[in-house]
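Open the model in a viewer with the sequence panel alongside. The stops below go from the whole chain to single pairs of residues.

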Amino acid sequence: MKISYNWLKQFLKIDAPSEDISNILTDLGLEVEMVEKYESVKGGLEGVVVGHVLTCEKHPDADRLKITTVDLGTGTPVQIVCGASNVAAGQKVPVATIGTKLFDKEGIAFEIKKGKIRGQESHGMICAEDELGLGTSHDGIMILDESLIPGTPAAKVFNIENDEVFEIGLTPNRADAMSHMGVARDLRAGLLQRNASLELITPSVSKFKVDKRTLKIDINIIDPKLVPRYCGVTISGVTIKESPSWLQNRLKAIGLTPKNNIIDVTNYVLHELGQPLHAFDAAQINGKINVKTVTSGTKFTTLDGIERTLHEEDIMICDDQQPLCIAGVFGGKNSGVSENTTSIFLESAYFNPVSVRKTAKRHGLSTDASFRFERGIDPEITEYALKRAVLLIQEVAGGETTSDIIDIYPKKIEDFTVFLNYEKAFKLIGQELPKETIKKIVASLDIKVNSSSDAGMGLIIPAYRVDVQREVDVIEEILRVYGYNNINFTKKLNATVANSPRNEDYKVQNIIANQLNSLGFHEMMANSLTTPEYLKLSEQLKGINNVTILNPLSNDLSVMRQSMLFSGLEAISYNINRRSSDLKLFEFGKTYRKLLSEHKEKKYLTLFTTGNRIVESWSNPQKPSDFFLFKGYVNSVLERLGIEKTQNIPVANDIFAEGIAISVGNDILVEMGTVKKSIAKHFDIKQEIFYAEFHWDLVLKLSSNKVKFTAIAKYPEVRRDFAILIDANVTFESIYKLAIQTEKSLLKDVNLFDVYEGKNLPEGKKSYAVSFTIQDATKTLTDVQIDKIMGKLQSNFESELGAQLR
């Protein structure tokens, strides 16, 4: 936000350097990011003075050049060679003296130097309008008023505006400071804290009057909740033309381009007082003004010439026949002020902030008006700003006020009431401030003291301070005006070290994150806001009530996510579309659901794997990730947390084409599997995706903080292999469990390293190649012991599983 220093001086009689003002504003929370110089004419005409042409003679060696002597007010006339056809003795002219910098049309500077033109010395330049940047004419030199005194700086003659502009990084909560008056109000409070008591000078509207009552336009508000206050008045006999230079300079200084005198006044009042206004061509209004919503799908062409489709919740300014303006956002093409306008209807209103914000986002429009309406303006200055605009319009465009101000304000927006407890204030501030200082600061912020006692004060907060509604907000206001830098702090630093348990959430998360990183996973963080459309991808999610956002940025971000799968698929799709298809991702996050009147949120750890296992190279042929590799990643997480005695059960989640659930007792810890192709297709993903969902709160509860250490065995392990023929429906899990039951003490590992089905095998059979690792921690195993163990395994496989050795 840009604030003009000259404009601020109209509210406060200050002459401090801009650097000092910048420091005060920054201390108040209105951080000044930059101070720029503004000049209505580039260079400010520095070095350009009024000259009096004493003589003018033809150049002896050039037909089109003339030699002049010019009095510059220094007592010694100078010779200047001039090529203008209209130069003559006796004229008062603008002269750029030696050393002056002028600027061409492209803004490039050039310096006036002493020189010779066709053998004759020239000590300056008599300037044309375009050479000074005062216009576009180059027909000849400028002829000035004869009464001007030679040597008078041209900047004074042409009322050149030299200003300094503060670029303020305004935070969204400070709606009250979105104008020059708002910044001046804060600056007054800051100066008062520095013992500089200044009066806030607000523009007077005492001269406002109704000249005639010949053009009354009635106003009808359909829903006062959407339009709490609406004011309007008509002005007739206006002349549309360029604004005077003072008004143009004010707008140009803060980066606005002047349009015409009526629009410029509405913009001026907007940035002066913070109240948006809109001017309608009264001749284009049929009947009365109706402020209402219209049928969804209605077409409307805005000032930028774009036809927009209206929503049923958009507040519209309409007449008896058609919409005229999107309230608080953008005007209509056919009802705005044009060069043919002679009478206007001027609007000043307070619209519902939430409604304006939704409309602006819905149509992709961000205007100075919507920026203020959606954050909350001052409802008490609606009529005052209207009167201020009327007086300015009459000053720059003429005309008469031809109706009374119609002010529809059925239910006054009340100020906020807050009780400030001194003890709590001192505790939060960290220092006890004098109570009189607190009262002085509160008063400087236009906060009224309703009651006072030794314990605290009852306060009435102005309605325009939408960010100050609680006691802590008032304390923050006191602290920022008092000055954070003025709060004392002890030189003694006290610190404590908390003895937190090993299984605290963030510690366990870091452990698992480090492990997954070492396995090649990358951590991701997705938005918790998502679209309600994703519920349709899963039958189980369809019946879940969304946790909806009251004021969403868009429909795609209107609900809290119900599953972490879909945001992960968005990330995978994004990466695949950018030729990064071999992915391992994990995320810690929450899901949100509404059950009856209760809101539920659950924390999860999710894993995604897709594409090839390792990066392709000449020595590593491509091999895609598979279910068993992914299951190994999942099991490694559980093993790292010391969770044992798990079992695999059928998965009950319909997002998986194939999958399993890992449980401990009746508690399901993890659901994992291959994502359905229909769901992946919705995200334009064609490759296989493996997904796991850890119920983190349960995992955390079952994780063990006891670390078990086992010494490395001194004696060798022995491996023996079986090639067994079994029924096709027998799983490796059955073989594994039976082997462990058969030899619990010496059997250390069972591994499936080959599977064969097909040719040369009986129908309904398959061949498993299984390895067994056997080890005794106390001695070296003998062949007799090993053969005995393998014999028991063979016998049990044959009797329990119907297996045959091949």
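Start with the contacts of the whole protein chain, a contact meaning heavy atoms within 4.5 Å. Among contacts between residues at least 6 apart in sequence, 70% join residues at least 24 apart. This is a predicted model, in which local features need pLDDT of at least 70 and side-chain atom pairs count only at pLDDT 80 or more, while totals for chains, interfaces and linings use all residues. Residues are numbered from 1 along each chain as its sequence is written, and side-chain values use heavy atoms, with hydrogens and water left out.

Along the principal axes, the C-alpha atoms fill a box of roughly 130 × 75 × 70 Å.

Switch to accessibility. Of the 806 residues, 47% are buried, where buried means under 20% relative accessible area, exposed over 50%, and partly exposed in between (1.4 Å probe, protein chains only).

Next select 219-221 and 330-331. These are strand 13 and strand 21, the edges of a sheet that is open, has mixed pairing and runs in the order 13-16-19-20-21. Each edge strand has a single partner strand, so one side of each is left without a neighbour in the sheet.

Within that sheet, select 315-318 and 323-326. Strand 19 and strand 20 pair in the antiparallel sense over three bridges; two strands count as paired if DSSP finds at least two bridges between them. I317 has C325 in strand 20 as its bridge partner.

Now show the cysteine sulfurs. How many disulfides are there? The count is zero, a disulfide being a pair of cysteine sulfur atoms within 2.5 Å. For C318, the nearest cysteine sulfur is that of C325, 9.4 Å away; C318 is buried, at 3% relative accessibility. Move to C56, whose sulfur is 7.5 Å from the closest cysteine sulfur, in C82, too far for a bond. C56 is partly exposed at 25%.

Finish at 448-452 and 456-461. Strand 26 and strand 27 pair in the antiparallel sense over four bridges and form a hairpin with three residues between them. Here V449 has L459 in strand 27 as its bridge partner.

Note on methods
Helices (H or I, at least four residues) and strands (E, at least two) are DSSP runs, numbered from the N terminus.
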